[in-house]
Amino acid sequence: MTASAVEPFRVLFVCTGNICRSVMADVVFRGFADAAGLRDRVGSSSAGTGDWHVGERADQRTIQALERRGYDAAHHRARQFTPADFAHNDLVVALDRSHERILRGWARTETDADKIALLMTFDPAAPSLDVPDPYYAGPGMFDEVLAMIESASRALFRQLEPAIRPAV
């Protein structure tokens, strides 16, 4: 690393199995970073609170919903959150309050706990604090959930952008 290199701000999105909601949030957030030309200044990833889908691709309905909006999640592989993720990320974003409670239970320090945020709190127009789990629903629900995630992720990115944009 050169003296002028800046460590990117790292955001981790967390849902239950890391095959639906957190994947959407990660892919969408990365899309905003790419569009703003800030991919080298901010990084994102995703994980699940459970291990049911570790190593699997995103749910096919997630991939399809993202593709319909111009995003690509084809290379995603699910993984489980570990307490070490607190050290490797600057912000840990829960997709619903159950994930937030689990993450707060796993936080070993106040610094870890201070990194936890709930995605929908970034969107003042959000109808709920929770992003509903579309797993047991049809494809239409995946599109609805993606729209919620896009709105909140856009608001999150706008909040972070001034801090991550290089000084002119």
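**View 1. Lining of the largest pocket in this predicted model.** In this predicted model, the largest pocket is lined by C15, T16, G17, N18, I19, C20 and R21, together with W52, H53, D133, Y135 and Y136. Its volume is about 150 Å³. Sorted by class, the lining comprises six nonpolar, four polar and two charged residues. One of the lining residues, N18, is placed in the loop between β1 and α1, and with a relative accessible area of 0% it is buried. Most residues other than glycine have a negative phi. N18, although it is not a glycine, has a positive phi of about 65 degrees.

View 2. Strands of a sheet pair through backbone hydrogen bonds, in either a parallel or an antiparallel arrangement.

**View 3. Bridges between neighbouring strands.** Strands β1 and β2 run parallel and are joined by seven bridges, and within this pairing R10 has G43 of β2 as its bridge partner. Strand β1 (residues 9-15) also pairs in the parallel sense with strand β3 (residues 91-94), here over four bridges. In that pairing V11 stands opposite L91 of β3, while the bridge partner of F13 in β3 is V93. Between β3 and β4, which again run parallel, there are three bridges, and V93 stands opposite A117 of β4, so that V93 is a residue of β3 that faces F13 as well as A117. Which way do the residues of β3 point, and are they buried or exposed? L91 and V93 point one way from the strand, V92 and A94 point the other way, and all of them are buried.

View 4. When its neighbours within four places in sequence are left aside, D59 is in contact with I19, C20, Y135 and F142. Among these contacts, I19, C20 and Y135 also belong to the lining of the largest pocket. D59 and G70 are 11 residues apart in sequence, and their C-alpha atoms are 17 Å apart in space.

**View 5. R68 in helix α2.** R68 lies in helix α2, which spans residues 60-68. With a relative accessibility of 48%, R68 counts as partly exposed. Apart from neighbours within four places in sequence, R68 is in contact with P139 and D143. The C-alpha atoms of R68 and S151, which are 83 residues apart along the chain, are separated by 16 Å.

**View 6. Two residues of helix α6, E150 and A163.** E150 is placed in helix α6, which covers residues 139-164, and A163 has its place in helix α6 as well. Are these two residues buried or exposed? E150 has a relative accessibility of 7% and counts as buried, whereas A163, at 67%, counts as exposed. Not counting residues up to four places away in sequence, E150 touches V28, F32, R69 and Y71. A163 and F9 are 154 residues apart in sequence, yet the distance between them in space, C-alpha to C-alpha, is 9.3 Å.

How values were computed
Residues numbered from 1 in each chain as written. Predicted model: local features only at pLDDT ≥ 70, side-chain atom pairs only at ≥ 80, totals over all residues. Heavy atoms only, no water. 1 Å grid on protein atoms, 1.4 Å probe; cavity = no way out; pocket = protein on both sides within 12 Å on 5 of 7 lines; lining within 4 Å. Points joined across faces, edges and corners; volume = space filled by probe spheres on them. Nonpolar A, V, L, I, M, F, W, Y, C, P; charged D, E, K, R; others polar. Buried < 20%, exposed > 50% of the residue type's maximum accessible area, 1.4 Å probe, protein only. Contact = heavy atoms within 4.5 Å. Pairing = 2+ DSSP bridges.
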